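Hi everyone, thanks for making time this morning.

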Amino acid sequence: MFLINGREQDSLAASDRAIQFGDGCFTTARIQQGEIQLLPAHLRRLREACDRLLLPFAEWQTLEREMIRLAHGHQHGVLKVILTRGTGGRGYSAAACHTPTRILSVSAFPVHYARWREEGVTLALSPVRLGRNPLLAGIKHLNRLEQVLIRTHLEQTTADEALVLDSDGFITECCAANLFWRKGNDVFTPILDHAGVNGIMRQHCIAQLAGSPFRVAEVHATEDALADADEVLICNALMPVIAVRAYGERTWTSRTLYQFLAPLCEHSISS
């Protein structure tokens, strides 16, 4: 089901800048028992992205009501919200764009996440590297061609997820998840100041680690850092956290960090 500017429909104007230029942003939220997990955080993400993209969206109360209404009645599911600059003009100039477009949809929850939680996942190094761009780093904008290529290459392997580096060779993220690794009580995650998406669950995990026995640091690190790790996990707003069991020849059996974070992330209605 799609809701476009408050109306049930599944077509978008060919002139919408989401189609023309990928001009917009989105978020993907987990629905549990009819409620949206981490709803305030998803709204903050969209606000930040609109600010960064100079996208003049103002219908925040309407959007929140539509999100809640669409999620209601779904025991489990995925709510996706897309905001675009709307239509107006032919070229790159946004001067004629006055009415942003909001697109909401609900889809089925990915069934393989239950298996991943039980078994853990394997990673493969992606040959596709992310371009470094501080202006767009961190936000979830609509330009996802890098992720499409990463996924296409991943599907040619037997791995579950991809380890993705940036163009300078630093660990950044996975195709559709953020990454943490642990050495003793020290927990590390890539700093996302030049590339990657600052995911909702990544932010939630960092907040949960504050004041815990673990020390968390955002770092620039090469893939060699994983060889020395005691534990690796990945996360996104849907999973929400999954242990990594293998990357290449390296395997992990420790679940110390996973066991700490999993119950704190599994039922996160508000934050």
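F188 stands opposite A217 in β12. The strands here, β11 and β12 (residues 215–219), run parallel and share five bridges. When I say that two strands pair, I mean that DSSP finds at least two bridges between them. Strands are DSSP runs of E with at least two residues, helices are runs of H or I with at least four, and both are numbered from the N terminus.

Before I go on, a word on where this comes from: it is a predicted model, where local features need pLDDT of at least 70, side-chain atom pairs count only at pLDDT 80 or more, and totals for chains, interfaces and linings use all residues. Residues are numbered from 1 along each chain as its sequence is written, and side-chain values use heavy atoms, with hydrogens and water left out.

Back to β11 (residues 186–190), which also pairs with β10 (residues 178–183), this time antiparallel and over three bridges. In that pairing K183 sits opposite D186 of β11. The hairpin has two residues between its strands, and G184 takes a positive phi there, near 65°.

Now let's move to the open sheet. In what order do its six strands come? The order is β2-β1-β6-β5-β3-β4, and the pairing is antiparallel. At the edges are β2 (7–8) and β4 (35–36), each of which pairs on one side only. The antiparallel pairing of β3 (residues 24–32) with β4 has two bridges, and Q32 stands opposite E35 in β4.

Helix α2 (residues 39–53) packs on this sheet and touches β3, β4 and β5 (76–84), with its direction at about 175° to that of β3. Helix α3 (residues 60–71) packs on the sheet too, touching β1 (2–4), β3, β4, β5 and β6 (101–107), and its direction makes about 15° with that of β6. Contact means heavy atoms within 4.5 Å. For the angles, axes are lines fitted to C-alpha atoms, for helices over the stretch in contact, and the values run from 0 to 180 degrees between N-to-C directions.

Let's stay with α2 for a moment. Its 15 residues, at 1.5 Å a residue, should span 21 Å, and its end C-alpha atoms are 21 Å apart, so the two agree. The expected span is 1.5 Å times one less than the number of residues. Other buried residues of α2 include H42, L46 and L53. The helix's buried residues pack against β3, β4, α3, β5 and α6 (200–209).

My last stop is V244, in strand β14 (residues 241–247). V244 counts as buried because its relative accessibility is 0%. Leaving aside residues up to four places away in sequence, V244 touches V121, L123, V232, L233, I234, W252 and R255. The C-alpha atoms of V244 and E223 are 14 Å apart, with the two residues 21 places apart along the chain.

That's my tour, and I'm happy to take questions.

Technical notes: Buried < 20%, exposed > 50% of the residue type's maximum accessible area, 1.4 Å probe, protein only.
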